[in-house]
Amino acid sequence: MSAKLHAAYVGKTVRVLVDGESDDPEYPLTSRTEGNRLVRLKGDKALIGQFADVAVTGSNTWALYGEAV
């Protein structure tokens, strides 16, 4: 069910709060949407602690993936 819900975000831009670093070298930052969905993203570490717009490019059952725009 979560995978289907997350797949609907692909292609959209969402606003997130960048909250830290990830252990995934491809998507080094973690963030959360207003609805508390986990978003792993590509971007500069200077974004940590800030709000950012993210273009969602992928998803799975547990998270969304994207790039700061």
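Is aspartate 24 buried, partly exposed or exposed? Aspartate 24 is partly exposed, because its relative accessible area is 22%, and the class runs between two cut-offs: buried means under 20% relative accessible area and exposed means over 50%, with a 1.4 Å probe and protein chains only.

Before going on, the ground rules. This is a predicted model, in which local features need pLDDT of at least 70 and side-chain atom pairs count only at pLDDT 80 or more, while totals for chains, interfaces and linings use all residues. Residues are numbered from 1 along each chain as its sequence is written, and side-chain values use heavy atoms, with hydrogens and water left out.

Back to aspartate 24. This residue sits in the loop between strand 1 and strand 2, the latter being residues 29-33. Strands here are DSSP runs of E with at least two residues, and helices would be runs of H or I with at least four, numbered from the N terminus. From aspartate 24 to valine 14 there are 10 residues in sequence and 21 Å in space, C-alpha to C-alpha.

Now the overall fold. There is a closed barrel of 5 strands in the order 1-2-3-5-4, and the pairing is mixed. From one strand to the next the twist averages 50°; the axes are lines fitted to C-alpha atoms, for helices over the stretch in contact, and angles run from 0 to 180 degrees between N-to-C directions. Two strands count as paired if DSSP finds at least two bridges between them. As background, strands of a sheet pair through backbone hydrogen bonds, either parallel or antiparallel.

Strand 1 and strand 4 run antiparallel and are joined by 5 bridges. Within that pairing, valine 14 is opposite valine 54 of strand 4, and leucine 17 has phenylalanine 51 as its bridge partner. Strand 4 also pairs with strand 5, residues 64-68, in the antiparallel sense, over 5 bridges. There, valine 54 is opposite alanine 68.

Next, the inside. Which residues make up the largest nonpolar core? There are 11 of them: Val14, Val16, Val18, Leu29, Val39, Leu41, Leu47, Ala52, Val54, Val56 and Leu64. Two or more core residues come from each of strand 1 (13-21), strand 3 (38-42) and strand 4 (51-59). By nonpolar core I mean a set of buried Ala, Val, Leu, Ile, Met, Phe, Trp, Tyr and Cys residues joined through side-chain atoms within 4.5 Å.

Valine 39 lies in strand 3 and counts as buried because its relative accessibility is 0%. Leaving aside neighbours within four places in sequence, valine 39 is in contact with Val16, Leu29, Thr30, Ser31, Thr33, Val54 and Leu64, where contact means heavy atoms within 4.5 Å. Leucine 41, with residues up to four places away not counted, touches partners including Val16, Leu29, Val54 and Ala68.

Serine 31 is in strand 2, with a relative accessibility of 0%. Among the residues it touches, not counting those up to four places away in sequence, are Val16, Val18, Val39 and Leu41. Serine 22 is in the loop between strand 1 and strand 2, and counts as buried at 16%. The side chain of serine 22 reaches the backbone oxygen of tyrosine 27 at 3.2 Å.

Last, the charged pairs. How many salt bridges does a search of the whole structure find? The search finds 2, a salt bridge being a side-chain nitrogen of Lys or Arg within 4 Å of a carboxyl oxygen of Asp or Glu.

One is between aspartate 53 and arginine 15, whose closest N and O atoms are 3.5 Å apart. Aspartate 53 belongs to strand 4 and arginine 15 to strand 1, so this pair links distant parts of the chain, 38 residues apart. Aspartate 53 is partly exposed, at 33% relative accessible area.

Lysine 45 and glutamate 21 also form a salt bridge, at 3.4 Å from N to O. Lysine 45 lies in the loop between strand 3 and strand 4 and glutamate 21 in strand 1, so the pair ties together parts 24 residues apart in sequence. Both lysine 45 and glutamate 21 are exposed.

Terms used:
Polar contact = N/O pair within 3.5 Å; in protein donor to acceptor, adjacent residues only side chain to side chain.
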